[in-house]
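Let's take a friendly walk through this protein together. Have the sequence and the model side by side as you read.

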Amino acid sequence: MKVRTLALVSLVGVAAAACNQAQASGPEVTAYVTPTCSCCAGWVEHMQDSGFTVNVVYQDDLTAIKDEHGVPRELRSCHLGVVDGYAIEGHVPADVVTRLLSERPEVVGLAVPGMPMGAPGMEMPGGRVDPYEVYTFDRTGPQAVYEMRQ
Ligand SMILES: [Cu+2]
C-alpha cells in the first residue's frame with residue numbers, strides 16, 4: 001500500500017512537470033487570417049490565453065491556403081490555424097485542439113464551420129451561445145463530430 005502511494009505521488013510529480021513545460025513553450029500555431037477580421041483576432045487571443053504560441057500570417061484571400069491544407073469547402077469559416085501538421089478551421093476551442101494533439105487521430109484536421117455565436121472569438125455582448133459541433137475531416141469532406149458545445 002505504501003509503495004503504491006509513493007508511485008502515485010511520483011507520477012503526479014512527473015505530470016505536473018510536463019504541464020509546466022508545455023505552458024512555457026506551448027504548441028505552435030500558425031494562424032492565417034484576413035487583416036480586417038476581428039473574430040479571427042479574437043480566436044488568436046483565445047489560443048494565446050490557453051498557452052499556445054501563435055504566429056499570425058495576414059492574407060487578403062485564404063482560399064489557396066485552405067485548399068492547400070485540405071479544408072473541405074462545406075466546412076469553411078473565417079481563419080485557418082495549422083498546428084503540428086493538423087489544420088484547424090474556424091472557431092475551434094483550444095481545449096479541443098489540445099485533445100486532438102494528445103489523441104492524434106488520422107484526420108487532416110478539425111473544423112467549426114461558419115461562425116457560431118459564443119464560440120471562442122465569437123463571444124456576444126449578451127453572452128449568447130448557440131450550440132455547435134467540432135468536426136474532424138479529411139480531404140474528401142467531414143468525417144465525424146469530434147465534440148459538441150453549447
Ligand atoms: Cu470568425
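Where is the place of Met117? Met117 sits in the loop that runs between β5 (109-112) and β6 (132-138). Please keep in mind that this is a predicted model.

Is Met117 exposed, partly exposed or buried? It has 15 C-beta neighbours inside 10 Å, so it counts as partly exposed. Setting aside its neighbours within four places in sequence, Met117 is in contact with Met122, Met124, Arg128, Val129 and Asp130. Pro131 is 14 residues away from Met117 along the chain, and the C-alpha atoms of the two are separated by 8.3 Å.

**The overall plan**

Stepping back, the protein has four helices and seven strands. Along the sequence they follow the pattern α-β-α-β-α-β-β-α-β-β-β. Buried residues make up 30% of the 150 residues. Of the contacts between residues at least 6 apart in sequence, 55% join residues at least 24 apart.

**The sheet**

The seven strands form an open sheet with mixed pairing, in the order β2-β1-β3-β4-β5-β6-β7. β2 (53-58) and β7 (141-149) stand at the edges with a single partner strand each, so one side of each is left without a neighbour in the sheet. From one strand to the next, the twist averages 25 degrees.

Strands of a sheet pair through backbone hydrogen bonds, in either a parallel or an antiparallel sense.

| Strands | Sense | Bridges | A bridge pair |
|---|---|---|---|
| β1 and β3 | antiparallel | four | Val29 and Val83 |
| β3 and β4 | antiparallel | four | Val82 and Ala87 |
| β4 and β5 | parallel | four | Ala87 and Gly109 |

Ala87 has a bridge partner in β5, Gly109, and is itself the bridge partner of Val82. β3 and β4 also form a hairpin with two residues between the strands, where Asp84 takes a positive phi near 50 degrees.

**Helices against the sheet**

Helix α4 (residues 94-103) lies across β3 (80-83), β4, β5, β6 and β7, and runs at about 160 degrees to β5.

Helix α2 has 12 residues and reaches 16 Å from its first C-alpha to its last, close to the 16 Å expected at 1.5 Å a residue. Which residues of α2 are buried? They are Cys40, Trp43, Val44, His46 and Met47. These residues cover an arc of only 160 degrees around the axis, which puts them on the same side of α2. The exposed residues Ser38 and Asp49 are carried on the face turned away from that buried side. The cover over the buried residues of α2 includes β1, β2 and α4. After α2 comes Gly51, with a positive phi near 95 degrees.

**The core**

How many residues does the largest nonpolar core have? It has 29, and those with the most contacts inside it are Val44, Leu110 and Ala111. At least two residues of this core come from each of β1 (28-33), α2 (38-49), β3, β4, α4, β5 and β6. Val44 is also one of the buried residues of α2.

Not counting residues up to four places away in sequence, Ala111 touches Val71, Leu75, Ser77, Glu89, Gly90, Tyr135 and Phe137.

Technical notes:
Residues are numbered from 1 along each chain as its sequence is written. This is a predicted model: local features need pLDDT of at least 70, side-chain atom pairs count only at pLDDT 80 or more; totals for chains, interfaces and linings use all residues. A residue is buried if 20 or more other C-beta atoms lie within 10 Å of its own, exposed if 12 or fewer, and partly exposed in between; C-beta atoms are placed from the backbone. Two residues are in contact if their C-beta atoms, placed from the backbone, lie within 7 Å. Two strands pair if DSSP finds at least two bridges between them. Axes are lines fitted to C-alpha atoms, for helices over the stretch in contact, and angles run from 0 to 180 degrees between N-to-C directions. A nonpolar core is a set of buried Ala, Val, Leu, Ile, Met, Phe, Trp, Tyr and Cys residues joined through C-beta atoms within 7 Å. The expected span of a helix is 1.5 Å times one less than its number of residues. The arc is that of the directions from the helix axis to the C-beta atoms.
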